[in-house]
Amino acid sequence: MAQAPTGEFSERQRAMWAAGDYAALSQYIAGMGERVVERAGVEPGMDVLDVACGTGNAARPAARAGARVTGLDLTPELLAAGREQAEAEGLEIEWVEGNVEKLPFADGSFDRVFSTVGHMFALRHRVVADEMMRVTRAGGTIATCTWTPDGSVGGVFRIVAGYMPPPPEFAAPPILWGTEDYVREMFGARAEDFEFEHHSATIEWESVEGFAEFFMDRFGPMVIARHVLGERFADLRGEIVALWEEVNEADDGSFVLPQEYLLSLVRL
(Lines give C-alpha, C1' and ligand atoms only; values in the text may rest on other atoms or scores of the structure.)
Protein backbone atom coordinates (compact mmCIF):
# COMPACT_ATOMS: atom_id res chain seq x y z
CA MET A 1 0.00 0.00 0.00
CA ALA A 2 1.34 3.43 -0.90
CA GLN A 3 2.16 5.68 2.01
CA ALA A 4 -0.11 8.70 2.47
CA PRO A 5 1.61 11.90 1.23
CA THR A 6 1.67 13.56 4.63
CA GLY A 7 4.59 15.92 3.98
CA GLU A 8 2.59 18.32 1.85
CA PHE A 9 -0.27 18.38 4.32
CA SER A 10 2.08 18.90 7.26
CA GLU A 11 3.32 22.03 5.52
CA ARG A 12 -0.26 23.20 5.12
CA GLN A 13 -0.93 22.57 8.80
CA ARG A 14 2.21 24.46 9.77
CA ALA A 15 1.08 27.43 7.68
CA MET A 16 -2.45 27.27 9.11
CA TRP A 17 -1.34 27.40 12.75
CA ALA A 18 1.19 30.12 11.97
CA ALA A 19 -1.60 32.29 10.57
CA GLY A 20 -3.40 34.62 12.94
CA ASP A 21 -2.22 34.81 16.55
CA TYR A 22 -2.86 31.53 18.34
CA ALA A 23 -0.60 32.61 21.20
CA ALA A 24 -3.16 35.29 22.09
CA LEU A 25 -5.99 32.74 22.02
CA SER A 26 -4.26 29.93 23.86
CA GLN A 27 -4.09 31.83 27.15
CA TYR A 28 -7.89 31.53 27.41
CA ILE A 29 -7.68 27.73 27.58
CA ALA A 30 -4.56 27.59 29.77
CA GLY A 31 -6.54 25.89 32.53
CA MET A 32 -6.57 22.70 30.46
CA GLY A 33 -2.82 22.36 30.80
CA GLU A 34 -2.87 22.98 34.52
CA ARG A 35 -5.61 20.40 35.00
CA VAL A 36 -3.94 17.73 32.87
CA VAL A 37 -0.64 18.10 34.74
CA GLU A 38 -2.40 17.80 38.11
CA ARG A 39 -4.54 14.83 37.08
CA ALA A 40 -1.61 12.97 35.53
CA GLY A 41 0.29 13.22 38.81
CA VAL A 42 3.41 14.97 37.57
CA GLU A 43 6.18 14.87 40.20
CA PRO A 44 9.63 16.48 40.47
CA GLY A 45 12.25 14.74 38.36
CA MET A 46 9.84 13.12 35.92
CA ASP A 47 10.56 13.25 32.19
CA VAL A 48 7.55 14.85 30.51
CA LEU A 49 6.62 15.51 26.87
CA ASP A 50 3.98 18.03 25.77
CA VAL A 51 2.99 16.91 22.25
CA ALA A 52 1.66 19.43 19.71
CA CYS A 53 2.34 21.80 22.56
CA GLY A 54 1.53 25.12 20.89
CA THR A 55 2.72 27.76 23.33
CA GLY A 56 3.14 25.21 26.14
CA ASN A 57 -0.09 25.27 28.13
CA ALA A 58 0.84 21.91 29.67
CA ALA A 59 4.62 22.26 29.40
CA ARG A 60 4.85 25.28 31.66
CA PRO A 61 2.82 23.92 34.61
CA ALA A 62 4.74 20.63 34.31
CA ALA A 63 8.00 22.59 34.60
CA ARG A 64 6.61 24.47 37.60
CA ALA A 65 5.95 21.06 39.19
CA GLY A 66 9.64 20.23 38.90
CA ALA A 67 9.57 17.90 35.88
CA ARG A 68 12.15 17.79 33.07
CA VAL A 69 9.98 19.02 30.22
CA THR A 70 10.12 18.85 26.44
CA GLY A 71 7.59 20.67 24.28
CA LEU A 72 7.17 19.56 20.65
CA ASP A 73 5.21 21.34 17.95
CA LEU A 74 5.07 21.58 14.17
CA THR A 75 4.96 25.38 14.12
CA PRO A 76 8.12 27.41 14.88
CA GLU A 77 6.11 30.56 15.61
CA LEU A 78 4.23 28.85 18.44
CA LEU A 79 7.42 27.37 19.86
CA ALA A 80 8.98 30.83 19.87
CA ALA A 81 6.00 32.24 21.77
CA GLY A 82 6.15 29.37 24.25
CA ARG A 83 9.88 29.84 24.76
CA GLU A 84 9.37 33.54 25.45
CA GLN A 85 6.65 32.86 28.02
CA ALA A 86 8.72 30.17 29.74
CA GLU A 87 11.78 32.40 29.94
CA ALA A 88 9.67 35.18 31.44
CA GLU A 89 8.71 32.74 34.22
CA GLY A 90 12.26 31.44 34.63
CA LEU A 91 11.23 27.95 33.51
CA GLU A 92 13.64 25.54 31.80
CA ILE A 93 11.91 23.71 28.92
CA GLU A 94 13.40 22.09 25.83
CA TRP A 95 11.48 23.20 22.72
CA VAL A 96 11.61 20.87 19.70
CA GLU A 97 10.19 21.40 16.22
CA GLY A 98 8.65 18.13 15.05
CA ASN A 99 5.63 16.14 13.96
CA VAL A 100 3.56 14.08 16.37
CA GLU A 101 3.28 11.41 13.65
CA LYS A 102 7.06 10.86 13.84
CA LEU A 103 8.32 11.78 17.28
CA PRO A 104 12.12 12.29 17.34
CA PHE A 105 12.60 10.47 20.64
CA ALA A 106 13.71 6.99 21.67
CA ASP A 107 11.27 4.36 22.89
CA GLY A 108 10.25 4.80 26.52
CA SER A 109 11.76 8.26 26.92
CA PHE A 110 9.04 9.85 29.08
CA ASP A 111 7.08 9.18 32.27
CA ARG A 112 4.20 11.40 31.14
CA VAL A 113 3.08 12.42 27.65
CA PHE A 114 0.47 15.17 27.25
CA SER A 115 -1.52 16.88 24.55
CA THR A 116 -4.09 19.61 25.08
CA VAL A 117 -6.22 19.90 21.90
CA GLY A 118 -3.11 19.61 19.74
CA HIS A 119 -2.59 15.99 18.66
CA MET A 120 -6.24 15.75 17.56
CA PHE A 121 -5.44 17.86 14.48
CA ALA A 122 -2.76 15.47 13.20
CA LEU A 123 -3.80 13.57 10.10
CA ARG A 124 -3.31 9.89 10.95
CA HIS A 125 -4.78 9.13 14.34
CA ARG A 126 -3.53 5.57 14.68
CA VAL A 127 0.01 6.68 13.91
CA VAL A 128 -0.30 9.46 16.49
CA ALA A 129 -1.50 7.07 19.20
CA ASP A 130 1.22 4.54 18.39
CA GLU A 131 3.92 7.22 18.56
CA MET A 132 2.65 8.60 21.88
CA MET A 133 2.60 5.09 23.34
CA ARG A 134 6.03 4.27 21.93
CA VAL A 135 7.78 7.13 23.72
CA THR A 136 5.95 6.55 27.04
CA ARG A 137 7.65 4.31 29.58
CA ALA A 138 5.97 1.20 30.95
CA GLY A 139 3.90 2.31 33.92
CA GLY A 140 3.65 5.83 32.53
CA THR A 141 0.59 7.88 31.63
CA ILE A 142 -0.67 9.59 28.50
CA ALA A 143 -3.01 12.47 29.29
CA THR A 144 -4.99 14.34 26.63
CA CYS A 145 -7.66 17.01 26.40
CA THR A 146 -9.84 16.98 23.29
CA TRP A 147 -12.91 18.93 22.21
CA THR A 148 -16.11 16.86 22.26
CA PRO A 149 -18.40 16.39 19.24
CA ASP A 150 -21.50 17.54 21.12
CA GLY A 151 -19.93 20.64 22.64
CA SER A 152 -19.82 24.13 21.19
CA VAL A 153 -16.42 23.60 19.55
CA GLY A 154 -17.72 20.45 17.88
CA GLY A 155 -20.56 22.58 16.51
CA VAL A 156 -18.08 25.06 15.06
CA PHE A 157 -16.19 22.17 13.43
CA ARG A 158 -19.38 20.98 11.74
CA ILE A 159 -20.16 24.45 10.44
CA VAL A 160 -16.66 24.92 9.04
CA ALA A 161 -16.76 21.49 7.37
CA GLY A 162 -19.78 22.64 5.37
CA TYR A 163 -17.78 25.47 3.79
CA MET A 164 -14.18 24.33 3.42
CA PRO A 165 -12.72 21.79 0.96
CA PRO A 166 -12.72 18.23 2.36
CA PRO A 167 -9.54 16.93 4.03
CA PRO A 168 -7.46 14.21 2.36
CA GLU A 169 -9.07 10.77 2.35
CA PHE A 170 -6.54 9.32 4.78
CA ALA A 171 -7.18 12.04 7.40
CA ALA A 172 -9.66 11.25 10.17
CA PRO A 173 -11.83 14.08 11.58
CA PRO A 174 -10.15 15.67 14.63
CA ILE A 175 -13.36 15.68 16.65
CA LEU A 176 -13.36 11.85 16.87
CA TRP A 177 -10.79 12.19 19.65
CA GLY A 178 -13.50 13.74 21.83
CA THR A 179 -15.28 10.46 22.55
CA GLU A 180 -14.29 7.89 25.15
CA ASP A 181 -14.81 4.93 22.83
CA TYR A 182 -12.48 6.41 20.24
CA VAL A 183 -9.73 7.06 22.79
CA ARG A 184 -10.07 3.44 23.95
CA GLU A 185 -9.84 2.27 20.35
CA MET A 186 -6.74 4.33 19.58
CA PHE A 187 -4.76 3.51 22.73
CA GLY A 188 -6.21 0.13 23.65
CA ALA A 189 -3.31 -1.97 22.36
CA ARG A 190 -1.05 -1.37 25.38
CA ALA A 191 -3.21 0.48 27.88
CA GLU A 192 -3.69 -1.02 31.32
CA ASP A 193 -6.37 1.41 32.42
CA PHE A 194 -8.44 4.39 31.24
CA GLU A 195 -9.99 7.25 33.18
CA PHE A 196 -12.19 9.95 31.67
CA GLU A 197 -13.48 13.31 32.85
CA HIS A 198 -15.59 15.99 31.18
CA HIS A 199 -14.78 19.66 31.76
CA SER A 200 -15.37 23.05 30.15
CA ALA A 201 -12.83 25.65 29.04
CA THR A 202 -15.32 28.47 29.47
CA ILE A 203 -14.82 31.79 27.69
CA GLU A 204 -16.17 35.01 29.22
CA TRP A 205 -16.38 38.12 27.02
CA GLU A 206 -18.23 41.42 26.95
CA SER A 207 -20.39 40.30 24.01
CA VAL A 208 -20.77 37.55 21.43
CA GLU A 209 -19.83 39.93 18.64
CA GLY A 210 -16.80 41.17 20.54
CA PHE A 211 -15.45 37.65 20.96
CA ALA A 212 -16.25 36.82 17.33
CA GLU A 213 -14.12 39.75 16.17
CA PHE A 214 -11.24 38.68 18.42
CA PHE A 215 -11.48 35.01 17.47
CA MET A 216 -11.90 35.35 13.71
CA ASP A 217 -8.82 37.56 13.41
CA ARG A 218 -6.55 35.30 15.49
CA PHE A 219 -7.54 31.64 15.06
CA GLY A 220 -5.41 30.29 12.22
CA PRO A 221 -8.07 28.08 10.59
CA MET A 222 -10.44 31.06 10.48
CA VAL A 223 -7.78 33.29 8.95
CA ILE A 224 -7.24 30.65 6.25
CA ALA A 225 -11.01 30.23 5.76
CA ARG A 226 -11.40 33.97 5.20
CA HIS A 227 -8.73 33.80 2.50
CA VAL A 228 -10.21 30.71 0.82
CA LEU A 229 -13.89 31.67 0.98
CA GLY A 230 -13.76 35.36 0.13
CA GLU A 231 -17.25 36.83 0.33
CA ARG A 232 -18.69 33.50 1.55
CA PHE A 233 -16.74 33.89 4.80
CA ALA A 234 -19.46 36.25 6.03
CA ASP A 235 -21.96 33.36 5.86
CA LEU A 236 -19.61 31.06 7.77
CA ARG A 237 -19.03 33.72 10.40
CA GLY A 238 -22.77 34.34 10.69
CA GLU A 239 -23.50 30.65 11.34
CA ILE A 240 -20.83 30.45 14.04
CA VAL A 241 -22.11 33.59 15.76
CA ALA A 242 -25.65 32.17 15.65
CA LEU A 243 -24.41 28.98 17.33
CA TRP A 244 -22.63 30.97 20.01
CA GLU A 245 -25.74 33.05 20.67
CA GLU A 246 -27.72 29.84 21.09
CA VAL A 247 -25.34 28.32 23.65
CA ASN A 248 -24.54 31.58 25.46
CA GLU A 249 -25.00 31.05 29.21
CA ALA A 250 -25.23 34.78 30.00
CA ASP A 251 -28.50 36.70 30.05
CA ASP A 252 -27.18 40.24 30.53
CA GLY A 253 -25.80 40.95 27.05
CA SER A 254 -22.37 39.54 27.83
CA PHE A 255 -21.01 36.25 26.52
CA VAL A 256 -20.28 33.08 28.48
CA LEU A 257 -19.27 30.29 26.11
CA PRO A 258 -19.07 26.73 27.44
CA GLN A 259 -16.47 24.67 25.57
CA GLU A 260 -16.72 21.06 26.65
CA TYR A 261 -13.64 18.89 26.44
CA LEU A 262 -12.78 15.31 27.33
CA LEU A 263 -9.81 14.71 29.61
CA SER A 264 -8.44 11.20 29.05
CA LEU A 265 -5.90 9.46 31.28
CA VAL A 266 -4.35 6.43 29.58
CA ARG A 267 -2.15 4.40 31.91
CA LEU A 268 0.33 1.98 30.36
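Trainee: Leaving aside neighbours within four places in sequence, which residues is Arg 112 in contact with?
Mentor: Arg 112 is in contact (heavy atoms within 4.5 Å) with Ala 40, Gly 41, Val 42, Met 46, Asp 47, Val 48, Leu 49, Gly 139, Gly 140 and Thr 141, once those neighbours are set aside. Keep in mind that this is a predicted model, in which local features need pLDDT of at least 70 and side-chain atom pairs pLDDT 80 or more, while totals for chains, interfaces and linings use all residues. Residues are numbered from 1 along each chain as its sequence is written, and side-chain values use heavy atoms, without hydrogens or water.

Trainee: Where does Arg 112 lie?
Mentor: Arg 112 lies in strand E4, residues 110-116 (strands are DSSP runs of at least two residues, helices H or I runs of at least four, numbered from the N terminus). E4 is mostly covered, with seven of its seven residues buried (under 20% relative accessible area with a 1.4 Å probe, protein chains only).

Trainee: Which strands does E4 pair with?
Mentor: E4 pairs in the parallel sense with strand E1, residues 47-51, over three bridges, and Val 48 stands opposite Arg 112 there. E4 also pairs in the parallel sense with strand E5, residues 136-147, over six bridges, where Thr 136 is the bridge partner of Phe 110 (pairing takes at least two DSSP bridges).

Trainee: Back to the charge on Arg 112: what is the nearest side chain of opposite charge?
Mentor: That is Asp 111, 5.6 Å away, and Arg 112, although buried, has no salt bridge (a Lys or Arg side-chain nitrogen within 4 Å of an Asp or Glu carboxyl oxygen; Lys and Arg count as positive, Asp and Glu as negative, with His and chain ends not counted). The side chain of Arg 112 does, however, reach the backbone oxygen of Ala 40 at 2.7 Å.

Trainee: New topic: how many aromatic pairs does the structure hold?
Mentor: The structure holds 19 aromatic pairs (Phe, Tyr or six-membered Trp ring centres within 6.5 Å; planes under 30 degrees apart are stacked, over 60 edge-to-face, the rest tilted). One of them joins Phe 215 and Trp 244 edge-to-face, at 5.5 Å centre to centre and 80° between the planes, and links distant parts of the chain, helix H9 (residues 208-218) and helix H11 (residues 233-247), 29 residues apart.

Trainee: Are Phe 215 and Trp 244 buried or exposed?
Mentor: Phe 215 is buried at 12% relative accessible area, and Trp 244 is buried at 2%. Trp 244 also pairs with Phe 255, and because their planes are at 45°, with centres 6.0 Å apart, that pair is tilted. Phe 255 lies in strand E8, residues 255-257, and is buried at 0% relative accessible area.

Trainee: Which cluster do these rings form?
Mentor: Phe 215, Trp 244 and Phe 255 are among the members of one aromatic cluster, which also includes Trp 17, Tyr 22 and Phe 121.

Note on methods:
Buried < 20%, exposed > 50% of the residue type's maximum accessible area, 1.4 Å probe, protein only. Polar contact = N/O pair within 3.5 Å; in protein donor to acceptor, adjacent residues only side chain to side chain.
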